[in-house]
Amino acid sequence: MKNYFALEQKVKTTKLICLIMCYLCLLSSCKKDDVDQPSQPQNVSLTVDKNHITANGKDYVTFSVSVDGVKVSSGFTIKDEDGNVLSGNTFATNIPGSHSFTASYNGLTSQVIQVSADQIVLYLQSDRSSITANGYDSALLTATYDNEDISGAAEIYCVTAESEYKLDGNTFTSSESGTYSLYARYKDQTSDPVTIEAYKLNLQLSVDKQRVKTNESVTFSAILNENEDITDRIQLHVIREGAAEETLVTNNVFTPEIYGKYTVYATYDYTPSDTLNIEVFPANIVLSADRESIKASGEDSIIFMISADGTTFIPDAEIFVKGAVSDTKIDGLAFATVKDGTYQFYAKYQDVISNTVTVRFTPTTFYKQSCVMAFVASWCGYSPGFMRAFDQLRNEGYPNAQTVCIHRNNSDLYSSEIPTDATMDSLGLTGVPYGYVDMYMNVGYSASAIKNLCALMLSINVPSSGIAISSQLSDNQADIQIRIKVNQTDDYRVGALIVEDNINMAQKIYPNNDITQGYYDYTFVHYGVATFIMPGANIVTGKPLGVLTAGQETTLNFSIPITKKISTKRTVVPANCRVVAYTLKKYEGKYIINNSASCPINGSIGYKFYD
């Protein structure tokens, strides 16, 4: 037992010795590895290839990092003064100023490296220090930024004592003398100013004459600054009124080939003179007319044309008609007359007189329209015979007659403005219906009978007068103008009535002229009912005009309150009214109607002639 415990103790001692030996071996192995490992870095250095760059975002520097004197390509970090880490080993910026950088490697930091980013300078230059103050001469301005021409992108400003304004482009001109300061702006930078002087030249132009004929030369002279004759060095700029472009003359003599008004100025070294006005009138003018013969109607006009130097000429030319005592200037280029005969015309411009043109104005024949007046009444069953005859003429468009119905005082269509009974008494009439053609011959109530008498009156009473009418309704008042023109000297009178159409009022009817079967037609439509008479006129004899000579025209103006009360049974509708006017002159000792015409209210008609 004793030996067993001794042996166990011996084994434990042996194991402990083995453990100690293993530990010592391990310690010996670690020490051997430390000898093979590199030593710790002692120094990190940062270098740069250049210390200055341009702050344009393009120019850059390149950094190098050395560890204990040996350049390394990785494992380092480069930071700026704000702690920003560079991506790689290059640096560029558009922020001017000084920038600081350090490198770090394995926990070591290099010294500080300074890089200066130089600001880009904006420059403005001018190719000229002075120009002529004429609005044409110019200086070319060039703006550079980072040695690049940015003249098209920069804004260039001009400063004067009174104002500052931006140039349109990069050229500078002035029409005023003075000293001008100019500078450029680009990307928040402003260049230093440049100074340009603008000098005024005084160019005076004169001419030997200012009124010439076509193909006649004018000579100009030019003086610079009051004492230097530069006539042989100028250019003339000629502008004809109405022309699209100016004409450039390279000497001092101008020969106009076209009449008109001209403005002329000279230039020398981009300097213009004051302007001179030259008036050129035709060397000859020719007058012509569109016809050699025309009717003396007063309405139809002869139209004249004036040509000068082969072109149409109108401005300021005057046309005259020759007279026995003196010549008379006509108004414009048209001429009309009511007096027949042979007339001679010529044109005049300044002191140039044209050829003579002869025109024959032939006598005119006024278109004849008889006036048929029927005295009727709404209670008379025979009266519709005239009314139907008038309706037939109207429906046929019969052109040779104007028709009027004059109602008796006790008729429902009576007008207090029309003296019917007094008129009938003057004609010796005691009953209705009764009709007159031209206040000369009585007529039955048939369209054919009326036509026959109108044709007869044309043969025995040839119209020597014409009638033109115009009327206007204003505030229910009809303002009427009647013009009468004659081609035969005689004693004339005029009459006029306002008649109303489309009146729906009862009319007594005798079927087949049988009085025993008479009845009232309450839908009967009346036309041409006499409603008002021209003031101062008599229905039968009209109003005196006196003796009118051939070719004479006379005018009458009068007004009628067309809506005034005329009876207890009628209200006048102005839109249904028209004017019937007629002229009278003596035939076989008494006044009869020579011609007639009709015109709506708010309308007008002119003289009517036979073709």
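Predicted model: local features only at pLDDT ≥ 70, side-chain atom pairs only at ≥ 80, totals over all residues.

Student: How many bridges join strand 44 to strand 52?

Tutor: Strand 44, residues 477–486, is joined to strand 52 by nine bridges, and the two run antiparallel. Within that pairing, D479 stands opposite S559 of strand 52.

Student: Okay, what about the open sheet of five strands, what's its order?

Tutor: Its order is 31-38-37-34-35, and the pairing is mixed. Strand 34, which covers residues 318–321, pairs with strand 35 in the antiparallel sense over two bridges, and V321 is found opposite T328 in strand 35.

Student: Switching to strand 9, which residues are on its covered face and which on the uncovered one?

Tutor: In strand 9 (residues 113–118), I113, V115 and A117 make up the covered face, whereas Q114, S116 and D118 are on the uncovered one. As a general point, side chains in a regular strand alternate between the two faces of the sheet.

Student: And which way do strand 2 and strand 9 run, parallel or antiparallel?

Tutor: Strand 2 (residues 52–54) and strand 9 run parallel and are joined by three bridges, with I53 opposite A117. Strand 7 (residues 97–105), on the other hand, runs antiparallel to strand 9 and is joined to it by five bridges, and here H99 stands opposite V115.

Student: New topic, how many aromatic pairs are there in the whole structure?

Tutor: A search of the whole structure finds 23 aromatic pairs. One of them is F63 with F101, whose ring centres are 5.0 Å apart and whose planes are at 50 degrees, so this pair counts as tilted. Since F63 lies in strand 3 (residues 61–67) and F101 in strand 7, the pair ties together parts that are 38 residues apart in sequence.

Student: Are F63 and F101 buried or exposed?

Tutor: F63 and F101 are both buried. Elsewhere, ring pairs link F304, F335, Y343, F345 and F361 into a cluster.

Student: Which ring does the charged end of R394 sit over?

Tutor: The charged end of R394 sits over the ring of Y527, at 3.6 Å from the ring's centre. There is also R185, which lies over the face of Y157, 4.6 Å from the ring centre.

Student: Where is S191, and what is it in contact with?

Tutor: S191 is in the loop between strand 18 (189–190) and strand 19 (194–199), and it counts as buried because its relative accessibility is 5%, under the 20% cut-off. Apart from neighbours within four places in sequence, S191 is in contact with L122, Y123, L124, Y183 and A184. A polar atom of the S191 side chain lies 2.8 Å from the backbone nitrogen of A184.

Student: Last one, what's the average pLDDT of the chain, and where is it below 50?

Tutor: The chain averages a pLDDT of 90, and 93% of the residues score at least 70. Residues 1–8 are below 50, and this stretch has zero contacts in the model beyond near neighbours in sequence. Residues 22–37 also stay under 50, with zero contacts beyond four places in sequence.

Technical notes: Residues numbered from 1 in each chain as written. Heavy atoms only, no water. pLDDT = per-residue confidence, 0-100. Contact = heavy atoms within 4.5 Å. Buried < 20%, exposed > 50% of the residue type's maximum accessible area, 1.4 Å probe, protein only. Helix = DSSP H or I, 4+ residues; strand = E, 2+ residues; numbered from the N terminus. Pairing = 2+ DSSP bridges. Phe/Tyr/Trp six-rings, centres within 6.5 Å; stacked < 30°, edge-to-face > 60°. Lys NZ or Arg CZ within 6 Å of the ring centre and 35° of its normal. Polar contact = N/O pair within 3.5 Å; in protein donor to acceptor, adjacent residues only side chain to side chain.
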